[in-house]
Amino acid sequence: MYAYFYSKYGSPDVLNCLQLPTPTPKANEVLIRVCATTVSAGDWRARSLTMPAGMALIGRLVFGITGPRKPVLGTELSGIIEAVGVDVTSFKPGDAVIGFPGASFGAHAEHIVMPADGKIVVKPNGLSFDEAAAIPFGATTAYDFLINKGKLRTRERVLINGASGSVGSACVQIAKHFGADVTGVCSAANADLVRAIGADRVIDYNAEDFTEEGLQYDVVVDTVGSAPWSKAQHALATNGRMLLIAGNTSDMIFGWLKARLRGKRLIGGVASEAIEVLRKVVELTADGHFHPVIDRSFDFSQMVAAHAHVDTGHKKGNVVVTVALDTKSHRNAGTGFHLNEAAHV
């Protein structure tokens with residue numbers, strides 16, 4: 001099989017397409033032929049080792065001190081099971097699935113093995129493989145922070161900073177589905193997109209500072225790290241919660257205390273990759289309550305270009321990489337929100 005391999009941190013040029021042995025599933029594993037994957041913020045951070053100030057050492061401890069611990073990136077995928085281990089009864093060859101290796105990576109390859117009892121769910125028939133691959137990373141993060149950690153309630157006022165990204169666009173849709181009044185912060189160029197996916201109000205961060213506009217929110221979600229507590233606290237109502245999906249080192253470590261002293265809460269940490277969360281967001285997608293936003297799709301041969309596009313910092317939603325085009329009877333039109341239909345560039 002072919003896979004994209006990197007042995008040092010840096011720009012997209014550190015990626016090399018190599019021919020590797022196709023893995024053989026162990027007794028409790030399945031072999032998946034990858035049909036589509038994405039280049040996520042997790043891939044970008046692991047490849048470039050771009051970390052918040054003061055977190056460089058922690059980044060190396062997580063991803064590898066002298067070089068990448070996981071040389072094949074890719075946090076999410078859709079595909080078809082080609083083989084199963086002798087103890088596997090939950091899946092069979094030919095099943096179309098969604099996989100979420102997450103921090104284990106490995107999806108930037110033509111094949112991947114995963115535990116059968118791991119983060120794998122059956123792909124709903126109404127979703128294309130590109131759409132299915134774009135669900136796990138952004139949607140599970142949004143769901144876990146908003147619903148599990150943030151305890152979002154109906155009719156609460158929610159502001160989402162970075163509303164047009166993979167996680168931000170998922171936050172907009174999930175918050176709206178659960179009955180919140182949603183304000184999205186993004187550039188003017190992305191305002192129509194953010195409104196289209198459900199935001200009640202959009203703030204152009206180039207023209208207006210949401211922390212100084214006078215309005216207050218029950219929940220403020222920072223998905224991009226550009227709203228430190230020192231500023232965002234002014235936009236929180238009494239007893240409000242700030243959900244810190246991305247932020248500076250000081251807020252990550254001491255934010256809970258800073259917020260508590262102001263009679264508010266700051267909730268950070270790492271998003272759960274639990275199978276229960278994955279099942280929930282796939283169910284929401286199948287029922288039409290969530291549509292992964294796809295900026296553009298690249299062919300597998302253009303993985304470096306896909307990473308370069310993510311490196312610009314201007315992607316909208318998800319960047320998908322189509323790995324296997326021959327999906328036969330599993331292929332369908334899907335129902336996702338595509339910004340650039342058929343954009344194999």
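Reader: In this predicted model, are Tyr-4 and Phe-300 buried or exposed?

Author: Tyr-4 is buried, and Phe-300 is buried too. The term requires under 20% relative accessible area.

Reader: What makes Tyr-4 and Phe-300 an aromatic pair, and why is the pair called edge-to-face?

Author: The ring centres of Tyr-4 and Phe-300 are 5.0 Å apart, and the limit for a pair is 6.5 Å. Their planes stand at 80 degrees; because an angle over 60 counts as edge-to-face, the pair takes that name.

Reader: Where in the chain do the two partners, Tyr-4 and Phe-300, lie?

Author: Tyr-4 is in strand β1 (residues 2–5), and Phe-300 is in the loop between β14 (293–299) and α10 (303–311).

Reader: Why do Tyr-6 and Tyr-9 count as a pair?

Author: Their centres are 6.4 Å apart, so they fall within the 6.5 Å limit. The planes of Tyr-6 and Tyr-9 make 70 degrees, an edge-to-face arrangement. Both Tyr-6 and Tyr-9 are buried.

Reader: What makes Lys-123 a charge over the ring of Phe-129?

Author: The charged end of Lys-123 is 4.8 Å from the ring centre of Phe-129, and the distance limit is 6 Å. Likewise, Lys-149 lies over the face of Phe-145, 5.0 Å from the ring centre.

Reader: How do you know that α1 and α10 are roughly perpendicular?

Author: The axes of helix α1 (residues 41–48) and α10 cross at roughly 95 degrees. The range for roughly perpendicular is 65 to 115, so α1 and α10 qualify. Asp-43, Trp-44 and Arg-47 of α1 make the contact with His-307, Val-310 and Asp-311 of α10.

Methods
Residues numbered from 1 in each chain as written. Predicted model: local features only at pLDDT ≥ 70, side-chain atom pairs only at ≥ 80, totals over all residues. Heavy atoms only, no water. Phe/Tyr/Trp six-rings, centres within 6.5 Å; stacked < 30°, edge-to-face > 60°. Helix = DSSP H or I, 4+ residues; strand = E, 2+ residues; numbered from the N terminus. Buried < 20%, exposed > 50% of the residue type's maximum accessible area, 1.4 Å probe, protein only. Lys NZ or Arg CZ within 6 Å of the ring centre and 35° of its normal. Axes fitted to C-alpha atoms, helices over the stretch in contact; angles between N-to-C directions. Parallel < 35°, antiparallel > 145°, perpendicular 65-115°, else oblique. Contact = heavy atoms within 4.5 Å.
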